[in-house]
Amino acid sequence: HRALHSFPTRRSSDLLLSDTIGIELDLEAQEKNVGPFRADILCKDTTSGSWVLIENQLEKTDHTHLGQLMTYASGLKAVTIVWVAKRFTEEHRAALDWLNGITEEKFNFFGLEVELWQIGDSPIAPKFNIISKPNDWSRSVSGAAEKISQGELSPTKQLQLEYWTALKEYLIENDSFLKPQKPNPQHWINISIGRSDFWMNGLLNTREDKISCTMSMRGDNSKIYFNMLQQDKEKIEQEFGSELEWRENPNRIESQIMLTLDNLILKDKGNWLKAHQWFKENLEKLHSVFSHRIKNLNADEYMSESED
């Protein structure tokens, strides 16, 4: 029981559960009321800001918990549900597969069986085995195919979807630690960096033939955080290896730190490998330079310095 309820605690670099399902999580609450039920663990997806609800069951799955999960999904509107149990019955695994097949993309259902492992005299640790998961790639492609057949996707949108799908496959094949969101027909893709209201972007600009990667932030304290990072600009750019474009955007909720590559015609798929390599190299550098910095940002410290 303790093992199940302790996995939001960080290991050496990440959450054990995050590693298993491929989503970086930020713990929001434990034993949180959602409608008539009390959810075990409530988190935020640090990339999208959507809810991730984790329900622990210490025996085999049952209909009561399945009903609770459906209630959570309806109450939270856009959500990822993670059902952890000692053992999944075949009907409950099939139910999750069915839900992943019929629900909109904003709903995702994972089923995980938990084991306790011990190697030699090491401490006992939980291990999660995925029993059911959303098939994001097939959802994206099938959804896009339907829109194309209905004339809803423009050639630019089709290119965007194809490119982000190819980039995600490239990152996986080349053992990148980056975890981009599922591909969509849009000019950007989000990549988590480990804290809510902060994320990285890959950007495509097919009109101006350029690509960009950004370190982005939003929220009530985004301008404070931007200024705190900018105070360390010289050291940051020295670590990164080149100058960066610093966009505070005073009249917008989002601030960005950006790098751009010009004169790259993405309509020519012969240029995609160069774009993949550029994105991988520079997004990984952004993550290396900024991840530890943003985790340590504290707006109260900036306010105190201002008062002094």
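**Reading helices, loops and cores**

Visitor: I see that H6 is followed by Asp175, whose phi is positive, near 55°. What length does helix H6 have, and how far does H6 reach from its first C-alpha to its last?

Guide: Please keep in mind that this is a predicted model. Helix H6 covers residues 155-173, which makes 19 residues, and from its first C-alpha to its last it reaches 27 Å, close to the 27 Å expected at 1.5 Å a residue.

Visitor: Which residues of H6 are buried?

Guide: The general idea comes before the case. An α-helix has 3.6 residues a turn, so residues three or four places apart point the same way. In H6 the buried residues are Leu159, Gln160, Leu161, Tyr163, Trp164, Thr165, Leu167, Tyr170 and Leu171. One of them, Tyr163, also belongs to the largest nonpolar core, where it is among the residues with the most contacts, together with Ile211, Ile257, Phe279 and Phe290.

Visitor: How many residues does that core have, and which helix gives the most to it?

Guide: The largest nonpolar core has 43 residues, and helix H9, residues 272-295, gives the most to this core, with 9 residues. Apart from it lies another core, of 18 residues, among them Ala73, Val79, Ile81 and Phe107. As for Phe290, if we leave aside its neighbours within four places in sequence, it is in contact with Ile193, Met215, Leu229, Ile236, Leu244 and Ile257.

Visitor: How should I read two helices, and at what angle do the axes of H8 and H9 cross?

Guide: Two packed helices are described by the angle between their axes and the distance between the axes. Here the axes of helix H8, residues 233-240, and H9 come within 10 Å and cross at roughly 145°, and the crossing in which H8 passes H9 is right-handed. On the side of H8, the residues that meet H9 are Lys235, Ile236, Glu239 and Phe240, while H9 brings Asn282, Lys285, Leu286, Val289, Phe290 and Arg293.

Visitor: Is Leu96 buried or exposed, and what does Leu96 touch?

Guide: A residue is called buried when its relative accessible area is under 20%. Leu96, which lies in helix H4, residues 90-102, has 1% relative accessibility and therefore counts as buried. Not counting residues up to four places away in sequence, Leu96 touches Trp83, Phe88, Phe109, Phe110, Gly111 and Ser132. Ser288, whose place is in helix H9, counts as partly exposed because its relative accessibility is 47%.

Visitor: Where is Asp197 found, and where is Asn249 found?

Guide: Asp197 is in the loop between strand S7, 188-192, and strand S8, 198-205, and its phi is near 75°, a positive value in a residue other than glycine. Asn249 is in the loop between strand S10, 245-247, and strand S11, 255-262, and although it is not a glycine, its phi is positive too, at about 55°. Their accessibility can be read in turn: Asp197 is partly exposed, with a relative accessible area of 37%, whereas Asn249 counts as buried at 17% relative accessibility.

Visitor: How many helices and strands does the protein have?

Guide: The secondary structure comes to 10 helices and 11 strands, and of the 308 residues of the protein, 47% count as buried.

How values were computed
Residues are numbered from 1 along each chain as its sequence is written. This is a predicted model: local features need pLDDT of at least 70, side-chain atom pairs count only at pLDDT 80 or more; totals for chains, interfaces and linings use all residues. Side-chain values use heavy atoms; hydrogens and water are left out. Helices (H or I, at least four residues) and strands (E, at least two) are DSSP runs, numbered from the N terminus. The expected span of a helix is 1.5 Å times one less than its number of residues. Buried means under 20% relative accessible area, exposed over 50%, partly exposed in between (1.4 Å probe, protein chains only). A nonpolar core is a set of buried Ala, Val, Leu, Ile, Met, Phe, Trp, Tyr and Cys residues joined through side-chain atoms within 4.5 Å. Contact means heavy atoms within 4.5 Å. Axes are lines fitted to C-alpha atoms, for helices over the stretch in contact, and angles run from 0 to 180 degrees between N-to-C directions. A crossing is left-handed if the near helix is turned anticlockwise from the far one by less than a right angle, and right-handed if clockwise.
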